Amino acid sequence: MLQSPGRVRPTRPRDLRRSCSRLLRAPGRLADAGAEIVDVTIPRPEVYMPVEYAYFLAEASAYHQQRIREQAEDFEEDVRVLLEVGELLPATDYIRAMRVRTLLQQDWRDMFATGLDVVLASTVPNVAARVGQTTFDEHGVSEGIIDSYVRTSAPGNLTGLPALSVPCGFKGGLPIGAQIIGRPFDEITVLRAGAVAEATYEHAGAMPELSSA
């Protein structure tokens, strides 16, 4: 359990808003466990995706460089293409990404310095994609699978802050999650908030609907 009241911020895409709001505001949930709910604005949201790709594509390409040359067939096409693109990124782009990453880390330190204990957001903005699916098409907007999954995990990846994903509900029979992001080196508060969320989760033990098709 949380030893002291925490302050969490729900950052939820429209398609998952109802499920994640139940995690926060239904009886017995985080708010009733002593958390104070406040809204905050994530700094510089427009830079996360370009910085994420410039930074981690280069690092991933370096890590997989030998294997991609010797066993390229082991990679799915979308992943293989990204790794190949990573080898073409200019060093200047990588350095710029590192500099912006430092700014983002400071932004989050400043945000937590206002009294926040954790930030609550959607783990990913969509459920699991079906085999062969390449995009998510909702609200008149089409987004690639990888872009969609990376978008809300980028803040934790780039800042190196401790983060935990906990069950949040179901959409179309498939599970969705909420991520809890904490202050630097404060894993214990993240785990305590996660324990409260899981202990009061109304779908505990529920399994997603699986299709044999």
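This note walks through the predicted model above, point by point.

1. **Ground rules.** Residues are numbered from 1 along each chain as its sequence is written, and side-chain values use heavy atoms, with hydrogens and water left out. Because this is a predicted model, local features need pLDDT of at least 70 and side-chain atom pairs count only at pLDDT 80 or more, while totals for chains, interfaces and linings use all residues.

2. **The overall picture.** The chain holds eight helices and eight strands. Here helices (H or I, at least four residues) and strands (E, at least two) are DSSP runs, numbered from the N terminus. Of the 213 residues in the chain, 38% are buried. Buried means under 20% relative accessible area, exposed means over 50%, and partly exposed lies in between (1.4 Å probe, protein chains only). Take the contacts (heavy atoms within 4.5 Å) between residues at least 6 apart in sequence: 69% of them join residues at least 24 apart.

3. **Two helices that cross.** Two packed helices are described by the angle between their axes and the distance between the axes. Helix 2 (residues 48-63) packs against helix 4 (residues 77-86) at an angle of about 100°, and the axes are 8 Å apart. That makes helix 2 roughly perpendicular to helix 4. Axes are lines fitted to C-alpha atoms, for helices over the stretch in contact, and angles run from 0 to 180 degrees between N-to-C directions. Angles under 35 degrees count as roughly parallel, over 145 as roughly antiparallel, 65 to 115 as roughly perpendicular and the rest as oblique.

4. **Who touches whom there?** Leu57, Ala58, Ala60 and Ser61 make the contact from helix 2, and Leu82, Leu83, Val85 and Gly86 from helix 4. Between helix 2 and helix 4, the contact residues divide into six nonpolar, two polar and no charged. For this count, Ala, Val, Leu, Ile, Met, Phe, Trp, Tyr, Cys and Pro are nonpolar, Asp, Glu, Lys and Arg are charged, and the others, Gly among them, are polar.

5. **The cores.** A nonpolar core is a set of buried Ala, Val, Leu, Ile, Met, Phe, Trp, Tyr and Cys residues joined through side-chain atoms within 4.5 Å. The largest one has 18 residues, and those with the most contacts inside it are Tyr48, Trp108, Met111, Phe112, Leu116 and Val119. Helix 2, helix 5 (91-112) and helix 7 (154-159) each supply at least two residues of this core. Helix 5 gives the largest share, five residues. A second, separate core has 14 residues, including Leu30, Val118, Val166 and Val190.

6. Strand 5 (residues 135-138) and strand 6 (residues 141-144) run antiparallel and are joined by four bridges. Two strands pair if DSSP finds at least two bridges between them. Thr135 has Gly144 of strand 6 as its bridge partner, and Asp137 has Ser142. Strand 5 and strand 6 form a hairpin with two residues between them, and His139 in the turn has a positive phi of about 55°.

7. Most residues other than glycine have a negative phi. Which loop holds Arg44? Arg44 lies between strand 3 (36-37) and helix 2, and its phi is near 50°, a positive value. Arg44 is partly exposed, with a relative accessible area of 35%. Phe185 also has a positive phi, near 60°, and is found in the loop between strand 8 (174-182) and helix 8 (187-199). Phe185 counts as exposed because its relative accessible area is 78%.

8. **Strand 7.** Phe170 sits in strand 7 (residues 163-171) and is partly exposed at 23% relative accessibility. Its C-alpha is 9.6 Å from that of Met207, 37 residues away in sequence. Ser165 is in strand 7 too, and is partly exposed with a relative accessible area of 43%. Leaving aside neighbours within four places in sequence, Ser165 is in contact with Thr123, Gly177, Ala178 and Gln179.

9. **Across the sequence.** Where is Arg151? Arg151 belongs to helix 6 (residues 145-151) and is partly exposed, with a relative accessible area of 34%. Arg151 and Met49 are 102 residues apart in sequence, yet 6.4 Å apart in space, C-alpha to C-alpha. Not counting residues up to four places away in sequence, Arg151 touches Met49, Pro125 and Glu143.
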